[in-house]
Amino acid sequence: MKKLMIGNAALARGLYEAGCCVISSYPGTPSTEITEEFAKFDDTYCEWAPNEKVATETAFGASLRGKRSACCMKHVGLNVAADPLFTMSYTGVNAGMVICVADDPGMHSSQNEQDSRHYAVAAKVPMLEPADSQEALDFAKIAYEISEQYDTPVFIKMCTRVAHSQSIVETGERTEVSKPYEKNPRKYIMAPANAIARHPFVEERTAKLTEYAESAAINRVESGDGSHDFGIITSSTSYQYVKEVFGDSVSVLKLGMVNPLPVNLIRDFAAQNKTVYVIEELDPIIETHCKSIGVPVIGKEKFSMLGEFSQKTIARAFGLADKENVSLDTDVPVRPPMMCAGCPHRGMYYVLAKNKITVLGDIGCYTLGSMPPLNALDMTLCMGASVSGIHGFNKAGGSETEQKTVCVIGDSTFMHSGVTGLINIAYNQSNSTVIILDNSITGMTGHQQNPTTGLNIKGDPAGKVDLESLCRSVGIRSVRVVDPYNLEECEKAVLEELAKDEPSVIISRRPCVLLKYVKPKKPLHINKDKCRGCKRCMKFGCPAISFRDGHAVIDNTLCIGCGVCAGLCPFDAFESEVE
Amino acid sequence: MATKNIMIVGVGGQGSLLASKLLGRLLVDEGFDVKVSEVHGMSQRGGSVVTYVRFGDRVCSPVIEEGEADFIVSFEKIEAARYVRNLRKGGTVIVNTQQIDPMPVIIGNAVYPENILDEMCSKGVNVDAIDALELASQAGSAKACNIVLMGRLAKYFDIPYEKWEAAIEKCVKPNFININKEAFRLGYNH
């Protein structure tokens, strides 16, 4: 059946058709939908793990037991999963195992622009790179075949434009694959003696995979019509941009496998073209390989290492004229993303900003607290870094710093890698104040369950981590819960905990307003006779409140009636309808 | 057929994903090669969002670049202006006249350009402005703005009305089919 699917859904379908039985993942844009789509199949097991390392090791366990498995993550998640990755390269697999990793060139929703292909090279693990949804589905099946034939985990590398673009896909049927489990200490116990014996296997495997890459159908030459004296080596979405600009007129070596890279295939292609361009987003992986095998190519001197490409990038690089378009004289104000109207994080940030507290932040919707007018954050690095970071910040700064610094971290991020930082605070005793912004969901990636929500990926009842008990059990004696809609309560808690001579945790708890079970109240409205235009409410940064003709106005399509703004107005101008 | 390019732009949370789903479904059923590209995650939190819909005999790139869009369907006034550089010469902007202040305007760091649609007209852009919020409310839900605009867009295509209705039935939850069909009708007949 032919249907339009985003790359992530097609990849999930491919994993399913290939007989994948177990998927364990941590959500992260642009990878999240692979796992969400896979969870819709009934005859498989699928879960959200607390982090990518756990997910990868869970998938490894399933492979060891004899079932095809996968784990999915965004590029920075692979940093977390890097530890098992490098040694799984040595152990290899029993049943096939696929690691799906999604890069985010252009940083639509990420904190850096790292190129995951480096991991494939460094860990000596093969990597396939689809260029559209159909390839995502097909490559999943090929990945499992490679995994079992060559005894290795296999990467499938997505990027935002493949992961989140819909194109037409033909789906197929599922096949079941199962391997017996047999104890094999020399393969699976990576103590030095065994690992020393496995390393040569890894090198031999790479040599064999290079042979495979020379003739694999997924690395293909598309001959041009002779109108150009140059050829192009490319992969992934860059291939689509090349085809958009040149159609079938130029010769292209389209690489579906980006590690290991072929040698003779590239040399032969270069021999047939006067000049060879390598067009790849982010880092010069293919280019460096070409140069290392003595093939002169033009790459990053013409095509940037920054951001995404497009047909325009390619056209310009080849000196083709820009298309005629319209430009306006008026500047259009930017529209950055922001916390939603009624977002529970806003109340806590308002209190922190008002008291001029230094705030070390973390990864999630609440990173948006860094935006004006709240400007509430001082630092955001990576998952969990707020909790570990505040410990170092306070150790360096001493008691003066401890009394005016907090860190903020979401419930899901705390489960991911915040708790280890908290253990360090409790163990090595800094008087740090940790605020867990518990909105009872993984928000930014589009509402995934996590270990604190009590529900699993399918929305069924599951185990539930009790945050208060967890914090106490690692050694934090001062743990309190506040409602971020109650600004007075928040302010009191923050100031009291900062003043204490011991580490403390404040759990700022209220569910995300976008959750279905959170019922919006009627929008507030402004009593214009009372509003004096003082703009105090503007400091709250709620998108539902704006200022027109000397008064505050409320957009009733956005306001969810949380009423927190009413408490900020000295003239009681915010009025709620009697329900 | 040469590839046709439609951009759907607006503010995160306005329902552009349903509009692109509807278009994608319709165009696949019509037998075209189709690509639809959208961005999830951070930008959905009230930020400026853009979806690219491309269809024709063979579509390669999933994105629409400057000077390439045949249509820009905008859910908000200044979002139309933000992406008008992507419009080809002679292209059409279908725009909901709703004004949603971005945060820099709310906090007084920027001014909302009131006459932006007039400026677009003066630059030769075909501007088809419509109060989609009002029409959606008439249809029974302010959230149906997206489908009002799809109704307006349908005027510019040779695809029969019934096919659009069939696509709505396939893409919308059963409880909301009637509201959305009415929203589509109001946009189409406006």
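Me: At what angle do helix 7 and helix 8 of chain B pack?

Reply: Helices (H or I, at least four residues) are DSSP runs, numbered from the N terminus. Axes are lines fitted to C-alpha atoms, for helices over the stretch in contact, and angles run from 0 to 180 degrees between N-to-C directions. In this predicted model, local features need pLDDT of at least 70 and side-chain atom pairs count only at pLDDT 80 or more, whereas totals for chains, interfaces and linings use all residues. Residues are numbered from 1 along each chain as its sequence is written, chains are lettered from A and ligands numbered from 1 in the order in which they are written, and side-chain values use heavy atoms, leaving out hydrogens and water. Here helix 7 (residues 161-171) of chain B packs against helix 8 (residues 177-189) of chain B at about 145 degrees, the axes being 10 Å apart.

Me: Which residues make the contact between helix 7 and helix 8 of chain B?

Reply: Contact means heavy atoms within 4.5 Å. Helix 7 of chain B contributes residues including B:Trp164 and B:Ile168, and helix 8 of chain B contributes residues including B:Phe184 and B:Tyr188. By class, the residues of this contact are six nonpolar, one polar and four charged. Ala, Val, Leu, Ile, Met, Phe, Trp, Tyr, Cys and Pro count as nonpolar, Asp, Glu, Lys and Arg as charged, and the others, Gly among them, as polar.

Me: How many residues has the largest nonpolar core?

Reply: In soluble globular proteins, nonpolar side chains tend to be buried together. A nonpolar core is a set of buried Ala, Val, Leu, Ile, Met, Phe, Trp, Tyr and Cys residues joined through side-chain atoms within 4.5 Å; buried means under 20% relative accessible area (1.4 Å probe, protein chains only). The largest core has 70 residues, and A:Tyr349 and A:Leu352 have the most contacts inside it. Helix 17 (residues 411-428) of chain A supplies the largest share of this core, six residues. Beyond its neighbours within four places in sequence, A:Tyr349 is in contact with residues including A:Met339, A:Leu377 and A:Leu437.

Me: Why does A:Phe269 count as buried?

Reply: A:Phe269 counts as buried because its relative accessibility is 2%. A:Phe269 lies in helix 12 (residues 264-271) of chain A. Leaving aside neighbours within four places in sequence, its contacts include A:Val221, A:Ile233 and A:Leu253.

Me: How far apart are the centres of domain 3 and domain 4 of chain A?

Reply: Domain bounds come from an automatic or database domain assignment. The C-alpha centres of domain 3 and domain 4 of chain A are 28 Å apart, and their contact takes seven residues from domain 3 and ten residues from domain 4.

Definitions and conventions:
Helix = DSSP H or I, 4+ residues; strand = E, 2+ residues; numbered from the N terminus. Buried < 20%, exposed > 50% of the residue type's maximum accessible area, 1.4 Å probe, protein only.
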